[in-house]
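Here's a quick tour for anyone meeting this structure for the first time. Have a look at the sequence and the model, then read on.

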Amino acid sequence: MKNKIIIPLVAASAVFLTGCATDAHYVATGGTQNIVNVGQINIQDYIQAANAATADLLASGALDRVKNPPAVLAISRIVNNTGQQIDTDLLVKKIRVALLQSGKAVTTTTFGLGGSAEDPLAKGMQQESQFMNDQKATRTADFSLSGKIIQLNARAGNTTQATYSFQLSLTDTQGLAVWEGEKEITKQGTQGTIGF
Amino acid sequence: MKTKIAALFAVALAVAGCHDTMNSVENAQKEGQRNMVSDARVVSDTGLNRKVGVVGVNTAMTPGGFLRVQVELLNRTHSLQNFNYHFEWFDQNGMQVSGSSTAVIPDEIDAKEDKFISAVAPLQSAKDFRLKLILGQ
């Protein structure tokens with residue numbers, strides 16, 4: 001009788017303990033071990049697109065043509081024209097970080113689309129500082145960064161393909177796009193590996 | 001008869017398996033001069049090196065003062081090759097500098113194709129570089 005209770009208990013414990021042991025492990029972000037999905041923008045795609053845009057922008061010299069370097073950047077709308085819900089900061093933040101580290105541009109967090117501030121507290125601090133020091137004018141943005149992410153699907157037999165186009169524009173205060181960049185990433189897979 | 005069919009089938013398979021090689025044309029009198037740099041190579045994957053080899057490396061500076069590197073690769077095989085690559089950057093003290101996140105870049109090169117890959121240093125302080133080539137899937 002005692003055994004009848006103990007044995008199931010031991011078995012249940014074994015199953016429970018085995019269930020806890022997973023093969024979870026760390027991989028390098030952006031490395032070759034990262035998961036690749038055809039129907040989804042993976043982290044390595046964002047990194048690749050951001051790095052390509054940053055390198056192209058730095059090489060163009062567009063940011064060097066401001067009176068008072070470093071250039072001040074305001075972030076405009078990044079349109080998501082893919083079939084998935086994405087956070088565009090996965091792309092934009094990487095570009096901002098890289099440009100700041102390069103010393104060529106800084107981004108304003110107190111001036112945004114429709115007058116909204118990315119950091120409302122910073123905007124309050126800025127206004128308070130201006131009021132206390134009786135300042136009339138602050139430095140305005142030299143450029144706005146806008147863009148679009150587009151997904152294009154294709155299928156032939158069991159093979160499915162998705163192309164993600166990352167398009168970015170840097171517009172100056174005259175309303176002219178002084179730099180434009182586009183990075184396309186195409187992924188292919190067979191039926192079993194896709195999500196759409 | 002059976003032998004003939006088998007032979008034809010084998011030839012068809014062989015032809016289908018071969019990828020078209022690459023033809024190219026370019027101007028013979030070059031206007032631009034490439035600033036070729038001597039390179040030090042460490043080859044741990046001889047298989048990849050046999051398939052896709054480095055022909056030459058040249059560098060230039062961007063208008064903004066960033067180091068730009070261009071590497072010429074050659075596919076020595078008669079089939080398309082997939083590879084991944086990744087640039088690392090170092091300052092004048094030999095310390096690695098990194099911009100934001102980095103990712104290996106997947107690429108492919110056609111049979112017998114000569115191809116350039118390039119990168120721009122993330123910081124002006126980057127003076128040296130290293131290219132890592134990894135065989136793709």
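## A pair of strands

In which sense do strand β1 and strand β2 of chain B pair? They run antiparallel, with β1 (residues 52-61) and β2 (residues 67-75) joined over 9 bridges. Pairing here takes at least two DSSP bridges between two strands. Within this pair, B:V52 sits opposite B:N75 of β2(B). The hairpin these strands form has 5 residues between them, and B:G65 there takes a positive phi near 90°.

## Ground rules

This is a predicted model, where local features need pLDDT of at least 70 and side-chain atom pairs count only at pLDDT 80 or more, while totals for chains, interfaces and linings use all residues. Residues are numbered from 1 along each chain as its sequence is written, and chains are lettered from A, with ligands numbered from 1, in the order in which they are written.

## Chain B as a whole

Zooming out, chain B has 2 helices and 7 strands, in the order α-α-β-β-β-β-β-β-β along the sequence. Both kinds of element are DSSP runs numbered from the N terminus: helices are H or I with at least four residues, strands E with at least two.

Of the 137 residues in chain B, 16% are buried, meaning 20 or more other C-beta atoms, placed from the backbone, lie within 10 Å of a residue's own.

## Where the chains meet

On chain A, 20 residues are in contact with 19 of chain B; contact means C-beta atoms, placed from the backbone, within 7 Å. α2 (43-60) and α3 (89-102) of chain A each supply at least two residues to that side of chain A, and α2(A) gives the most, with 7 residues.

Methods:
Two residues are in contact if their C-beta atoms, placed from the backbone, lie within 7 Å. A residue is buried if 20 or more other C-beta atoms lie within 10 Å of its own, exposed if 12 or fewer, and partly exposed in between; C-beta atoms are placed from the backbone.
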